[in-house]
Amino acid sequence: MAAISPLPADALYRRCDPAKFSFATTAELEILEDILGQARAVEAVTFGIGMRRQGYNLFLLGPAGIGKHSLARQFLDRQAKTEPVPADWCYVNNFEESGKPRALRLPAGRAARLRADMESLVEELRSAIPAAFDSDDYRTRKQVIEQQFKERHEQSFAVIQDQARKKNVALIRTPGGIALGPTREGEVLSSEEFRKLPAPEQERVKADMEDLQRQLQETLRHVPKWDKEQREKVRELNREVTRFAVGHLIDALRKDYEDLDNVREYLRAAEADIVENAEDFLVAGGGEPPPGLPFLPPPEAPSFTRYEVNVLIDNSGMAGAPVVYEDHPSHGNLIGRVEHISQFGALITDFTLIKPGALHRANGGYLILDVLKVLSQPFAWEELKRVLRAGEIRIESLGQILSLVSTVSLEPESIPLDAKVVLLGDRLVYYLLCDYDPEFSELFKIAGDFEEDMPATAENLPLYARLVGTLAKNDKLRPFDRGAVARVIEQSARLAGDAEKVSAHILSVGDLLREANYWSQTNGHEFVTAADVESAVAAQIRRASRVRERINEEIRRGTVLIDTSGAVPGQVNGLSVMQFGQYAFGRPTRITARVRLGPGRVIDIEREVKLGGPIHSKGILILTGFLGARYAADRPLSLSASLVFEQSYGEIEGDSASLAELVALLSALAGAPVRQSIAVTGSVNQFGQIQAIGAVNEKIEGFFDLCRDRLDGSHGVIIPSANVHHLMLRRDVVEAAAAGRFHVYPAATVDEAIEVLTGMTPGEADSAGHFPEGSFNRKVEDRLTDMAKRAQKFSGLRERGDREHGGEDDTS
Amino acid sequence: MSPLEELFSVRRILVALDPTVSGTGLLDTAVEFAHRVEAELEGLFVEDVELMRLAEHPFAHEVSLTGGLPKPLDLAAIERDWRALATGVRLSLEARAREMNVRCSFRVVRGRLEAEVRAAAAEADLVIMDWAGAALTRHVRLKTSAELPVAGPSGSVLLLHGRPAPIESIVVVCDDGPATKRVLGAAARLRSRLRSEGTAPRLTVVCRGESRAAAADSENAARETLRDEGIDAVFRPLAGAGPEELADALRTPANALLMLPASLPLLSTDEGERLIADSEGPVLLVR
């Protein structure tokens with residue numbers, strides 16, 4: 001087997017040649033209207049918009065910054081322009097049940113007109129009704145009614161008063177009523193004077209008084225009825241007068257809205273209410289506070305609020321269906337709310353205080369929501385589902401829903417919902433909702449799954465250049481010259497973590513463009529150049545590098561023990577990745593292995609102390625399987641080995657260090673020193689093949705940064721050969737590789753890695769499974785054979801000892 | 001104060017209350033009026049001796065105005081009610097007078113209502129009474145109390161119908177009687193005071209005469225009198241109007257103050273009584 005060679009420098013970085021582009025700067029490029037690299041998501045959105053069925057709402061899933069919102073907005077705006085302007089909605093008073101305001105649907109633009117018309121009507125009524133009641137005709141008719149009843153009162157009481165006078169009986173007012181008493185010559189008789197009267201006279205007076213009292217009682221009993229009759233007659237007169245004053249005004253309105261049954265019905269109810277409450281239009285405002293309550297403000301003029309029109313949604317001036325994005329989707333902001341005002345410590349409300357929610361505004365169109373925001377707002381998710389299920393918006397406060405408050409509030413009439421909801425969120429949330437919320441899949445049937453990257457093909461790169469140009473134009477940035485575009489594409493490949501792809505993460509690319517624009521401005525460039533992009537990239541790394549530099553500093557100072565020269569058995573430089581915020585970097589870690597005679601166990605110390613995650617533990621078990629199968633297929637694996645990440649104090653997860661761990665273990669068994677100038681990354685399977693790992697660029701750069709000051713041509717990193725097409729290394733790493741001062745070795749098998757790390761021939765097994773003399777693998781095999789024999793010997797001694805001491809087999 | 005205004009000189013006002021009047025509106029108006037004309041105010045609460053005498057009869061009953069049911073008259077209870085009412089009235093009057101910086105006194109007398117009011121009114125320039133007092137029902141009054149304001153006091157009388165609305169207009173009746181100038185003086189004084197308080201009531205002068213010429217004379221005299229004071233007014237001559245026609249012409253809304261000379265023949269007729277009864281606003285009878 002030939003030893004593997006380091007990768008050439010041009011394999012470490014896929015350069016984008018600016019010469020491929022025919023433009024000088026992005027100013028020459030057309031705006032990119034299409035969504036680049038998201039064909040699947042675009043198809044889903046197109047389908048979702050077209051499906052006008054219940055439950056066909058959309059969930060656009062992908063990481064934050066991928067452009068979900070832009071895509072949704074762009075598509076929905078385009079679609080919305082082709083759709084009809086939806087109806088206006090308003091709430092009006094329910095004259096029969098004021099606690100349940102009525103919702104009126106009007107063609108777009110007519111709700112505001114109705115509001116203005118009702119305001120004008122009330123204004124006109126405020127002069128028309130008083131004028132009607134101020135007329136001589138009305139006054140005369142009212143006087144006639146009052147006179148009729150007055151005469152009835154007078155006649156009834158005149159009889160009593162006359163009889164009382166004739167029978168010498170006085171009628172005297174008391175604080176609570178009328179008392180009757182005997183008189184003589186206009187003076188009430190005292191009881192003594194009365195007793196002096198002859199007995200028959202006394203009886204006669206008493207009888208007269210009783211008779212008058214009965215008559216008085218009888219007459220007084222009729223008084224409330226007469227008063228009621230009089231009030232009713234006056235009220236009927238008022239109705240007649242009001243109807244006459246109001247009728248023609250309402251008729252004119254009715255004509256304007258004759259095509260709208262609901263408005264005509266409302267006008268009919270309003271007219272009836274005006275007729276019933278005409279006195280409100282006669283009362284001037286102001287006045288004195290109620291007696292005994294001087295702290296109260298003077299009574300206000302009667303309110304005509306009940307004739308107002310609360311325009312909830314006014315679509316006048318719209319040119320298509322609405323597309324609404326609600327960035328604070330609280331319960332109230334979604335479905336609307338009923339506000340209250342405080343009056344003398346009490347909270348009061350009416351239909352004019354009903355406020356629309358995002359669902360009202362989006363009715364007839366589209367509503368875009370961030371799913372995490374919806375889920376994090378109390379009861380917003382439940383309410384959104386309820387509304388979508390019911391197909392109508394019912395405004396209820398949380399207090400009402402949870403029965404926390406029992407005060408009288410409004411129950412506005414529900415409004416039918418015809419809107420498509422588009423949720424934006426990451427994949428984890430989508431899958432969790434699919435798994436744990438049975439209603440979710442019924443209500444959000446369309447998933448638009450966003451790609452995080454796209455192939456860097458000859459067709460895509462010119463489009464990507466237009467994307468750069470479009471983002472720059474949209475953000476009012478300077479034009480990018482083609483060198484800058486090429487550098488952006490290279491950095492985009494690095495963001496994608498793949499030399500053959502470019503990132504679709506629009507937010508990150510946009511950030512890079514804006515920052516490059518800043519450097520262009522700082523550097524006094526007319527256009528953004530490749531150097532400006534380079535400055536932006538370098539600045540991004542510099543800003544985020546504090547932790548990385550501190551770690552490397554501690555390694556250089558010897559606080560963290562990492563050798564980068566010499567060779568040590570059982571010790572390998574592994575590579576891990578640390579992520580802080582958006583920045584990830586590679587960190588070299590010393591992995592060591594110790595072996596001794598034992599029962600065939602490889603102890604993962606990280607796992608023992610619960611610092612190793614399940615995937616890391618899986619990697620350890622795999623390498624144990626590989627060890628037994630390759631070197632001890634026909635004899636017991638009689639070792640006890642321990643593996644550890646030295647000076648690691650946090651949790652370790654992933655199997656990308658399993659190659660390094662296997663090499664450390666084999667080196668310890670073979671007693672073969674491992675080169676410390678080479679770091680290792682990769683995972684292994686049970687056949688000794690090396691498998692791809694993530695963040696290969698960061699890991700290589702992590703070791704390079706540590707060795708940067710002492711590069712002598714011996715340093716390098718072994719990576720899985722499957723990761724070669726992911727390489728987009730930093731310029732300084734590539735330059736060091738080109739100068740032969742740093743090497744990247746692509747290894748496909750453990751043996752290839754061992755050869756680089758130990759300088760020994762690994763050796764291939766013969767047909768009997770034995771490795772050639774002097775090879776690395778033979779050393780491992782011999783050591784394991786020796787351990788097996790020694791284990792057998794120890795086992796024999798123990799059995800003999802047991803027999804001598806106990807005479808019985810231990811079968812337990 | 002102009003010479004015309006001095007004709008309506010009020011130094012002492014009597015506000016007469018009996019136990020059947022609720023009193024709050026009456027007291028407030030009396031204090032305000034006293035404040036406006038810078039007069040001293042006397043409250044008089046009359047305990048009706050006839051009612052006491054009546055209550056001594058074992059068979060005496062009163063019929064409730066609200067329920068219509070008879071119940072025995074209880075003298076002790078009546079006296080207890082009167083004391084409570086009188087105390088309440090006194091405290092209200094004193095409090096309001098203190099607020100408005102009006103000198104006031106209050107006394108309780110026991111006697112016949114008409115006689116006591118007449119006696120007290122002899123020393124007052126103006127008596128303020130509530131027309132609702134002693135009413136049988138909303139429309140019917142006991143005859144004796146209806147006669148009182150017209151035939152009783154020797155000074156002027158202000159009759160109220162509950163709490164009056166803010167005055168926005170003044171209607172004055174002039175004829176060839178002796179009190180005409182004083183009525184105009186009263187109108188001028190009150191108007192001037194209201195103007196200083198920020199309101200400018202309209203003044204309408206109804207000039208009554210037995211003939212057209214007499215009405216015109218009456219109008220000319222009133223015009224001249226008011227022109228001297230620089231007062232604008234609307235003049236409405238009313239010639240040969242009978243009591244009914246005059247009563248109809250003088251019917252005023254709640255925010256109008258009607259000022260009549262007490263010598264107006266109309267007032268001694270049923271139509272006059274009806275005019276006072278039907279007026280929604282206050283009526284000032286000037287002597």
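In the predicted model, A:Val663 touches A:Val572, A:Val674, A:Val680, A:Ala753, A:Ile754 and A:Leu757, residues up to four places away in sequence being left out of the count. A:Val663 belongs to the largest nonpolar core, which has 181 residues. Within this core, A:Val663 is one of the members that touch the most other members, together with A:Cys90, A:Val422, A:Leu665 and A:Ala753. Helix α22 of chain A, spanning residues 658-670, supplies the largest share of the core, with 10 residues. Another core, of 104 residues, lies apart from it and includes B:Leu26, B:Ile78, B:Leu126 and B:Cys174.

Helix α16 of chain A covers residues 482-496 and thus comprises 15 residues. From its first C-alpha to its last, α16(A) reaches 21 Å, close to the 21 Å expected at 1.5 Å a residue. The helix is mostly covered, 14 of its 15 residues being buried. A:Gly497 follows α16(A) and has a positive phi, near 70°.

Between the two chains, 31 residues of chain A are in contact with 30 residues of chain B. On the side of chain A that touches chain B, two or more residues are given by each of α4 (136-166), β4 (169-173), β5 (177-184), α5 (191-196) and α6 of chain A. Of these elements, α6(A) gives the most, with 8 residues. Sorted by class, this side of chain A has 15 nonpolar, 10 polar and 6 charged residues.

Strand pairing also links the chains. β5(A) pairs with strand β3 of chain B (residues 61-64) in the antiparallel sense, over 3 bridges. For A:Ala179, the bridge partner in β3(B) is B:Glu62.

A:Gln202 is placed in helix α6 of chain A, which runs over residues 199-256. A:Gln202 counts as partly exposed because it has 15 C-beta neighbours inside 10 Å, a number between the limit of 12 or fewer for exposed residues and that of 20 or more for buried ones. Neighbours within four places in sequence aside, A:Gln202 is in contact with A:Phe194 and A:Leu197.

Definitions and conventions
Residues numbered from 1 in each chain as written. Chains lettered and ligands numbered in written order. Predicted model: local features only at pLDDT ≥ 70, side-chain atom pairs only at ≥ 80, totals over all residues. Helix = DSSP H or I, 4+ residues; strand = E, 2+ residues; numbered from the N terminus. Contact = placed C-beta atoms within 7 Å. Nonpolar A, V, L, I, M, F, W, Y, C, P; charged D, E, K, R; others polar. Pairing = 2+ DSSP bridges. Expected span 1.5 Å × (residues − 1). Core = buried A, V, L, I, M, F, W, Y, C linked by C-beta atoms within 7 Å.
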